[in-house]
Amino acid sequence: MSQSIDVACGFLGGTIFSVEGGYRVLQHPRPERRFDRIADARWFLAINWCDRCDTPAGILTHDGRLSFQNQAALALGETIFLPLEHRRAIFDCSLTLNHWEAGHYPISQRLNQPGYSLEIFGIEIDPRYGRVALIRLKNGSSA
């Protein structure tokens, strides 16, 4: 039984390829897993990107919510990792970035907490919802 590949693309260190009735992600732990839409496969890879980070990482949406955060961000605390008062500016920074361009956003020192820097990537996962910001604590920073 031969399967032809009509579409294959790289996304966030992973590979998405089309199969009959949907899309598969080469890096998925269940190789038979089929996504109905390419956007669903991209969401999987975005979450996987966050999970692979050793430092706190997450996905910030246009409304200031973290739609996903990795274990390191959960351990640190969502509002310590990404203070509410900075979320709009962080997301706006992601809108100014070109494809795969990294932006940096400093978080100044707060009560009993040192300052640190975030690395930001603005990406399109699902055209229905617009851009999201992938954010991770920049290596060498500590929140």
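What percentage of the 143 residues of the chain count as buried? The value is 43%. Buried means under 20% relative accessible area; exposed means over 50%, and partly exposed lies in between (1.4 Å probe, protein chains only).

## Basis of the model

This is a predicted model, in which local features need pLDDT of at least 70 and side-chain atom pairs count only at pLDDT 80 or more, while totals for chains, interfaces and linings use all residues. Residues are numbered from 1 along each chain as its sequence is written, and side-chain values use heavy atoms, with hydrogens and water left out.

## Overall layout

The chain has 4 helices and 8 strands. Both kinds of element are DSSP runs, numbered from the N terminus: helices are H or I with at least four residues, strands are E with at least two. Their order from the N terminus is β-β-β-α-β-β-α-α-α-β-β-β.

Contact means heavy atoms within 4.5 Å. Among contacts in the chain with a separation of 6 or more, 39% are between residues 24 or more positions apart.

## The sheet S1-S2-S3

Three strands make an open sheet in the order S1-S2-S3, with antiparallel pairing. Two strands pair if DSSP finds at least two bridges between them. Strand S1 (8-11) and strand S3 (22-25) are the edge strands, and each pairs on one side only. From one strand to the next, the twist averages 30°.

S1 and strand S2 (residues 14-19) run antiparallel and are joined by 4 bridges. Cys9 has Ile16 in S2 as its bridge partner. Helix H1 lies across S1, S2 and S3, and runs at about 160° to S2. Such angles run from 0 to 180 degrees between N-to-C directions; axes are lines fitted to C-alpha atoms, for helices over the stretch in contact.

Strand S4 (residues 57-60) is covered on both faces. Ala57 and Ile59 are buried on one side, Gly58 and Leu60 on the other. S4 is joined to strand S5 (residues 66-69) by 3 bridges, and the two run antiparallel. Within this pairing, Ile59 stands opposite Phe68 in S5. The hairpin of S4 and S5 has 5 residues between the strands, and Gly64 there takes a positive phi near 85°.

S4 also pairs with S8: the two run antiparallel, with 4 bridges. Ala57 has Arg136 in S8 as its bridge partner. Strand S8 (residues 130-137) is mostly covered, with 6 of its 8 residues buried. S7 and S8 run antiparallel and share 8 bridges. Ile120 is partnered there by Ile135 in S8. A hairpin links S7 to S8 through 3 residues.

## Aromatic pairs

A pair of aromatic rings is described by the distance of the centres and the angle of the planes. Rings of Phe, Tyr and Trp (its six-membered ring) pair if their centres lie within 6.5 Å; planes under 30 degrees apart count as stacked, over 60 as edge-to-face and the rest as tilted. The structure has 2 aromatic pairs. Phe35 and Phe44 form a tilted pair, because their ring centres are 6.0 Å apart and their planes lie at 40°. Both Phe35 and Phe44 are buried.

Trp49 and Phe121 form an edge-to-face pair, because their planes lie at 85°, with ring centres 5.9 Å apart. Trp49 is in helix H1 (residues 38-52) and Phe121 in strand S7 (residues 116-126), so this pair ties together parts that are 72 residues apart in sequence. Trp49 is buried at 10% relative accessibility. Phe121 is buried too, with a relative accessible area of 12%.

## Charges over rings

A charge sits over a ring if NZ of Lys or CZ of Arg is within 6 Å of the ring centre and within 35 degrees of the ring normal. Arg33 lies over the face of Phe35, 4.1 Å from the ring centre. Arg42 places its charged end over the ring of Phe11, at 5.6 Å from the centre.

## Cysteines

The whole structure has 0 disulfides. A disulfide is a pair of cysteine sulfur atoms within 2.5 Å. Which cysteine sulfur is closest to that of Cys50? The sulfur of Cys53 is, but at 6.2 Å it is too far for a bond. Cys50 is buried at 0% relative accessibility. Cys53 is buried at 13%.
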